[in-house]
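Please keep the sequence and the 3D view at hand while reading.

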Amino acid sequence: MSAVGDAAKPGRFLGVYLLYCLNPRHRGRVYVGFTVNPARRVQQHNAGRRKGGAWRTSGRGPWEMVLIVHGFPSSVAALRFEWAWQHPHASRRLAHVGPRLRGEAAFAFHLRVLAHMLRAPPWARLPLTLRWLRPDFQRDLCPPPPPHVPLAFGPPPPRTWAPRRRADTEPGTCTLCRGALQEGQGPLRCPHPSCRLRAHVICLAEEFLRGEPGQLLPLEGQCPSCKNSLLWGDLVWLCRTGAEEDEDSETEEEHWTDLLET
C-alpha cells in the first residue's frame, strides 16, 4: 500500500477513529468512535463528558486521535463499521479474527482487527482512506489493506462543496434503461460538467458490475456516457451531498454517541 497525495473531496466528512490515551495512569487504553469533525471530536473527549465527550474517555485524558478511516458513503455505513470495530467478537463478519491474545496491547489488537475489517465484506468494497493523524504511531497492517484503499498522513484536507446543478423541472428518464426517474429518487449523475448521465442506482450498479458478476457493490467503473473513470463511493456521496444534510450531521454524532453509550 503506498501513500497518496491529499485532495479535498466534496461532501461531508464521515470517519471512524482510534484514540490513544497518553495519561500515565491509563496509558495504552484505546477508544473507537465515529465523527464528522475530527478536530472538534478529540477536543470534546479531552474536555470530558459534560462537554460532549464519551463517558469511557472522560477524566482519563489526554487522548490523542492517532488514526481515522474515512470515505464512508453514509453515516449508517460508518456507524456499522464503528460498531464492528468496537465489538469484533460479536460481528459475524469477523468470526475469523481471533480474540485478543495474552500480552497483546489494546492498540495492537485494534490494528489487527482493522486489518481484517478492511479485507472483509462489505467494507472491502468501500472507497475508504486509511489516515494516520500521528505518523509516529504508524504500523503496517497485516493483512495489508486492499489496493484501492490509500494511505494518508496528517489532518484531513478541508471539505469542499460541489456546485449544485439546477433542479430539473421534470423527473426525466434513466440514461441506461430509459425508464422514468421518480421524484425523490435522487438519480446518480456523472460529476463531469459536460456529461448528461442520469441513472437509477440499480441500473448504474449493474453496468459497473458487468466484469464482476459475483459482486453486489461496485468499486469503480466507466461512465457509459462520457467514458471517464468513476468511483462508486464518490457517485453515491455526491448524490447525497447537500448543505442541509451537513447541518443535520453536526448533531448526528452527539446523538449516536449518547444513544450507544447510555
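**Salt bridges and overall picture**

Glu207 is partly exposed, with a relative accessible area of 25%; buried stands for under 20%, exposed for over 50% and partly exposed for the range in between, with a 1.4 Å probe and protein chains only. The model is predicted, so local features need pLDDT of at least 70 and side-chain atom pairs count only at pLDDT 80 or more, while totals for chains, interfaces and linings use all residues. Residues are numbered from 1 along each chain as its sequence is written, and side-chain values use heavy atoms, with hydrogens and water left out.

**Charged pairs**

- There are four salt bridges, each defined by a side-chain nitrogen of Lys or Arg within 4 Å of a carboxyl oxygen of Asp or Glu.
- Glu207 is bridged to Arg210, with 3.1 Å between the closest N and O atoms; Arg210 is exposed at 64% relative accessibility.
- Glu64, Arg134 and Asp136 belong to one network, joined by salt bridges that share partners.
- Within it, the closest N and O atoms of Arg134 and Asp136 are 2.6 Å apart, and Arg134 is partly exposed at 23%.
- Glu104, buried at 14% relative accessibility, forms a salt bridge with Arg112 at 2.9 Å between the closest N and O atoms.

**Overall fold**

- The chain contains six helices and nine strands, taken as DSSP runs numbered from the N terminus (helices H or I, at least four residues; strands E, at least two).
- Of the 262 residues, 45% are buried.
- Contacts are heavy atoms within 4.5 Å; among those between residues at least 6 apart in sequence, 62% join residues at least 24 apart.

**Nonpolar cores and aromatic rings**

- A nonpolar core is a set of buried Ala, Val, Leu, Ile, Met, Phe, Trp, Tyr and Cys residues joined through side-chain atoms within 4.5 Å.
- The largest such core has 39 residues, and those touching the most other members include Phe72, Phe81, Trp85 and Leu114.
- Strands E1 (15–21), E2 (30–35), E3 (63–70) and E4, together with helices H2 and H3, each supply at least two residues of this core, and H3 gives the most, with eight.
- A second, separate core of 16 residues includes Cys174, Phe208, Cys223 and Val236.
- Seven aromatic pairs are present; rings of Phe, Tyr and Trp (its six-membered ring) pair if their centres lie within 6.5 Å, and planes under 30 degrees apart are stacked, over 60 edge-to-face and the rest tilted.
- Phe81 and Trp123 form an edge-to-face pair because their planes stand at 85 degrees, with ring centres 5.8 Å apart.
- This pair links Phe81 in helix H2 with Trp123 in the loop between H3 and strand E4 (129–132), 42 residues apart; both residues are buried.
- Phe72, Phe81, Trp85 and Trp123 form one aromatic cluster.

**Cysteines**

- The count of disulfides is zero, the rule being a pair of cysteine sulfur atoms within 2.5 Å.
- Cys203 has the sulfur of Cys177 as its nearest cysteine sulfur, 3.7 Å away; Cys203 is buried at 17%.
- For Cys223, the nearest cysteine sulfur is that of Cys195, 3.6 Å away, and Cys223 is buried at 0% relative accessibility.

**The loop at Pro99**

- Pro99 lies in the loop between helix H2 (75–86) and helix H3 (106–117) and is exposed at 65%.
- Not counting residues up to four places away in sequence, Pro99 touches Glu104, Phe109 and Arg112.
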